[in-house]
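Subject: Structure handover

Hello,

The structure is below, followed by notes on what was found in it. Please read them with the model open.

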Amino acid sequence: MLTGKLSSYSSAYGELMKIDAFAFLKEVQAHPEQFKKGKVVLVTAATPLKASRGEGKTTTTIALIDALRQRGIDAAAVLRQPSMGITAAGSKGGASGGGKSTLSHPEIADWGLTGEMARIADAQNLLVAFCEKAVDDGILSEVLIPRVSETPSRSLRSVKTDGGKLAERFVLTPASEMMQIVVLSRSVDEIAQRIGNMTAGLAPETGKPVLVKEFVDIERIVRVIGNAVDPAYMESSEGSPVYIHCGPFGNVSLGIPGLVAVDMACALHDVVVVEAGYGADAGGQKWLDIAAREYGAQWPAAAVVVTRATTWQDDPALQWRYPFAVNRLEALGIPSFPMINLWEGEDDELPALRQTAATLGFREPIAGNLWRDGGAGLASQLDAFIEAVSAADSDARPESKSGEDFLDTVRWVAEKAYSVPADRVIEKDGFASILAAEKDRAAALGIDFDSLAVLAVKSPATMTDNDALPESERTVTLKKVEMHTGAGVVHINLTTSLTTPMPKIV
C-alpha cells in the first residue's frame, strides 16, 4: 500500500496514484533524518540477439522486489514508462512484466495512462510550433528542434511543412530532448531553465544558434508538461511498491527512469531496484556514465544482469557479450549477479548453465522461471545478493568526465562499454566537419562543449560495427553529433539506430 509519508503528495487517477515528487523531496531535504537512505540496485541485461526480443528485465525487477520483501527487506522498484514506439501497441509484450511477476494493472502502464508520453510530446510539439512562428517573424531561418510522435512512421523521418518551405523531422517521444529534461531534472525550476536552454534554431543571415528562452515564454511550455513530472505509484500483483516514470529506449536516449522517482524511492525504502533500458551497453551504461557520473544519481550497490537461457547458446560468435557485460560491472566495483530467465521447458538446462557460469568465474547465478513462479522462485537464492547490497557503500561517487576532451570521452566509452580500444574508434567521412560545426554552435552560445555528457546513439542489438568479428578486428564508427543544450548531453551516433523506428508486425 502507498506509504503514509506520501499520502499528502498523491492524487488518484483511476487505478494508480501520481506523486508530487518535487514537493516531497523538498521535505526530505528539510528533514533528512526522518527518511531512509535506500540503496540502488541496477537491473540491466545482456545485449539481446534481436532488438525486438526482450531478455526479461521488467519481469526480473518485479520478481526481485517481491522476493526481497518475502525475505523481510523493504524493497521497491522504479520502472520506465513504456512507449508504444516499437512496442507497437503491445505486440512486443508491453513493459510491465508477466505471469506472476507483473503489475497489478499492467494495462495501465502499457497503454501510457500515467500521462508522461502525451504531455511531453505536447510540450515539445508546442515548442516547435513557436519555432515555426519564429520563422515567420524573422527570428529563425531554420528549426533545429524535431517534432515528436509516440507512434512511429517511416514517412515522418524527414518531412517538409508549409508547402515545402520548411524542413523538419520527427523522433519518438522517448528520444526527445524534452523527455531527457524531465528525466534528469529535480525541480520545476530546473525543467524551466533547461527548456530555455534548448537550441531552437538558427538566426537569419548570421546563422547563429538561438536559444528557446530568447523568444518563448517558458512558463507556457512548463504548464503543458504539467503532471508528467510526477511519478506514478503502482504495485506488483503481490503488493510490492512500484514507481513508474519516463525514460524508455536506452539505444537512442537515456533509457533510465526519472531521477526524481529514484530519489523519492530511496527516501522511502531500503533497497530500490532500478531498471535500465536494453542492455548493460545501453541503458546500463547511461545510468553509470550519465546519471551517476554527471547528474548525481546513486552508484549501484549491486547489479543484476538478465539473460534468457537461449542467449548463452544461440550464436557462438556473439557469446562474448554476456561475460563482457558482467565482468565490466564487476571491474567497476559493482557486485554483479547473472540472472538466468528461464522460459517454459528450460528448467533442465539450468545445471549446464550454472556450470558455464562457474567456468566463466561469475558469481552464483540467480535463476528461475519468473513468469511461472514469481518472487517465490528467487527468495531462497538471495543470500549472497543481500549480503553484497548490505555491504555496499551507498555514498560512493564515480569521477566525472565533464571537461575532458569530447573525443577522448567517446573513445573511453567505446573501450569501457563496448571493448573497442581507442585506435579502432574510427570516423565516418564527413564526421569531423559535423563535429566542428557543433563545437562552433556551442562556442556561439557560450557553452563548454566538453562539459556536456556523452550520450551514445546505437543499435540495441550490437555493441560494435560488427560484433561477430574477432575481438582484434571489432570497430566503432563515429557518424554524427548533435547537441541537446537543454538536457546537457551530446548525442554521438555509432552503430545504425533510428530515432523513428518502424514497429514490428506480429
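Contact here means heavy atoms within 4.5 Å. This is a predicted model, in which local features need pLDDT of at least 70 and side-chain atom pairs count only at pLDDT 80 or more, while totals for chains, interfaces and linings use all residues. Residues are numbered from 1 along each chain as its sequence is written, and side-chain values use heavy atoms, with hydrogens and water left out.

Leaving aside neighbours within four places in sequence, Trp287 is in contact with Val40, Leu42, Ile256, Leu259, Val262, Val274, Ala292, Ala297, Gln298 and Pro300. A nonpolar core is a set of buried Ala, Val, Leu, Ile, Met, Phe, Trp, Tyr and Cys residues joined through side-chain atoms within 4.5 Å; buried means under 20% relative accessible area (1.4 Å probe, protein chains only). The largest such core has 97 residues, and Phe24, Ile195 and Trp287 touch the most other members. Another core, of 38 residues, lies apart from it and includes Ile65, Ala67, Val271 and Val304.

Strands are DSSP runs (E, at least two residues), numbered from the N terminus, and two of them pair if DSSP finds at least two bridges between them. Strand 7 is joined to strand 12 (residues 199-202) by 2 bridges, with Glu142 opposite Leu202.

Regards

Methods:
Helix = DSSP H or I, 4+ residues; strand = E, 2+ residues; numbered from the N terminus. Buried < 20%, exposed > 50% of the residue type's maximum accessible area, 1.4 Å probe, protein only.
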